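Here is a friendly briefing on the fold and on some of its side chains. Have the model open beside you as you read.

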Amino acid sequence: TSPPLRILHCIGSLGGGGAERQLSYLAGDLKRKGFDVHIAYRMAGPNISLIQDSGVGLHELCASGNYDPRLLLELIRTIRTVRPHLIQTWLTQMDVLAGLAAILTGIPFIMTERCAALAYDGSWKNRLRSWIGRRAALIVANSNSGKEYWLSKKQRDLIIVIRNGAPIEDIQRTPPICWETQGLRESTEILLFAGRYSPEKNLSTLLDAVFLVLSKRVNAIALFFGEGPLKSELITKVKLHGMEDRVRILDYTTQLWSWMKRANLFVSVSVFEGSPNTVLEAAVQGCPLVVSDIPQHRELLGDDAAFFVSPSAPDDIAHGILEALGDPGRAKRKAQSAHEIASHLTVDSTS
C-alpha cells in the first residue's frame, strides 16, 4: 500500500484564537483518518493541549519574534525534515512565510482564508500575501465573504468554502458551570462574550451597550473571555464606569463551553468575521444569540436563529439584548433554530 498523505500545517501560534482552534480540531481528525499530520508553529498556547496526545507531529520554530528573518529558514528546514506532500498555511504571517517556503521548496500549498475583505488594507504585507495566494494550489475560505475576497485575484474553481466545524459530541458532554462555586446566584443573568480582544470585535461599542443593559437588568452581569491587545483598554473603561463588580474582562478560558451552558445570552457584535467559532459553539449549546447584522453571521445562522443588531449603535445592541432577556420563550425558539443549523457543522465535515 502507498504511504499516507503527509500534510504540514504552518501557523504562528497555537493560542486561543479561532483559526488556532480550528486547526487543533482538524489536525486530530485528519490523524484519526490515517493521514500523516504535522504542525509547524512559532509559539505554543492553550490549543496545543488539544493536539499533544493525538499523534500529530509538532515542530516548534526557533525565532525571537514575528519578524525574525530566521523564521523563513526554519520553515525551509522543517519542510526538508518532514518532507510533506502538501503544506497548508494559516493566518497572514504563515500565509506569507510558509507560502514563500513552499514556493522555494517546490511543495504544493493551500492557503486558508479566515476573514473577509474588510480585514485587509493596502499594506505591503497584504499585497505580498495576495501575490503568494495567487500561486497557491487552492484557497480554502471558511465563508462566502472570504471566497468573494479572492474572486478578483484567483481562478474561481481554485477557491472553495469549507465552513468551520465544532466538536459537537465533546461540547454536549461538557457539564454546565457550577454557579455556586463562581460566587453567582441562581437568579443571575449572564451575558457572555468570548473572542480576541481586537478592533474588529467592536468591544468598546459592546461595552457601551452592556452598561445600558445593566442599568435596566439589576440581576445581570457580563463576562468577557479572551486575549488580545485591547484587554487593558477594556478594563480601564469598565473601571471608569464603576462597573467592576458587574462586568469582568477575563483571560482566555478552557471552560467556555461550561459557561455557555449557564449563560442567558452569547453576544458577538463584530464589524466583520470569517466564520466565528464561538458563535457556532454557542449555537451547539442552545445558548441564545445576539449578533451583529453582518453577512458572515447571516450566512452562518440564516434569518431566524438569532437577534440581529446594528454593530455601530450601542442603543440597538442594548435593545436586542433586552429583547432577548425579556422574552425567554422567543429567545429559546431562536436558539433551537441555531442549534439545528450548528448540529450539521461537525469537525468531520471540515476534514
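Contact here means heavy atoms within 4.5 Å. Leaving aside neighbours within four places in sequence, Lys-237 is in contact with Ser-204, Leu-207, Asp-208 and Phe-211. The model is a predicted one, where local features need pLDDT of at least 70, side-chain atom pairs count only at pLDDT 80 or more, and totals for chains, interfaces and linings use all residues. Residues are numbered from 1 along each chain as its sequence is written, and side-chain values use heavy atoms, with hydrogens and water left out.

- Helices (H or I, at least four residues) and strands (E, at least two) are DSSP runs, numbered from the N terminus.
- Seven strands form an open sheet in the order 3-2-1-4-5-6-7, with parallel pairing; two strands pair if DSSP finds at least two bridges between them.
- Strand 3 (57-60) and strand 7 (159-161) stand at the edges with a single partner strand each, so one side of each is left without a neighbour in the sheet.
- On average, neighbouring strands of this sheet are turned by 25° against each other, direction ignored. Axes are lines fitted to C-alpha atoms, for helices over the stretch in contact, and angles run from 0 to 180 degrees between N-to-C directions.
- Helix 1 (residues 18-32) packs on the sheet and touches strand 1 (6-13) and strand 2 (36-43). The direction of helix 1 makes about 160° with that of strand 1.
- Strand 4 (residues 86-89) and strand 5 (residues 109-113) run parallel and are joined by three bridges. Gln-88 stands opposite Ile-110 in strand 5.

**Strands 9 and 10, with helix 8**

- Strand 9, helix 8 (residues 231-240) and strand 10 make a right-handed β-α-β unit. Right-handed means that, with the strands pointing away from the viewer, the path from the first strand over the helix to the second runs clockwise.
- Four bridges join the parallel strands 9 and 10, and Phe-225 has Leu-250 as its bridge partner in strand 10.
- In a regular strand the side chains alternate between the two faces of the sheet.
- Buried means under 20% relative accessible area, exposed over 50%, and partly exposed in between (1.4 Å probe, protein chains only).
- Lys-237 lies in helix 8 and, at 16% relative accessibility, counts as buried.

**Aromatic rings and charges**

- The whole structure holds four aromatic pairs. Rings of Phe, Tyr and Trp (its six-membered ring) pair if their centres lie within 6.5 Å; planes under 30 degrees apart count as stacked, over 60 as edge-to-face and the rest as tilted.
- Phe-193 and Phe-224 have ring centres 5.5 Å apart and planes at 45°, so this pair is tilted.
- Phe-193 lies in strand 8 (residues 189-194) and Phe-224 in strand 9 (residues 220-225), so the pair ties together parts that are 31 residues apart in sequence.
- Phe-193 is buried at 3%, and Phe-224 is buried at 1%.
- Tyr-120, Tyr-149 and Trp-150 are linked into a cluster by ring pairs.
- The charged end of Arg-298 sits over the ring of Phe-308, 3.9 Å from its centre. A charge sits over a ring if NZ of Lys or CZ of Arg is within 6 Å of the ring centre and within 35 degrees of the ring normal.

**Positive phi values**

- Leu-91, in helix 3 (residues 91-105), has a positive phi near 70° and is partly exposed at 30%.
- Asn-202, in the loop between strand 8 and helix 7 (203-216), has a positive phi near 65° and is buried at 11%.
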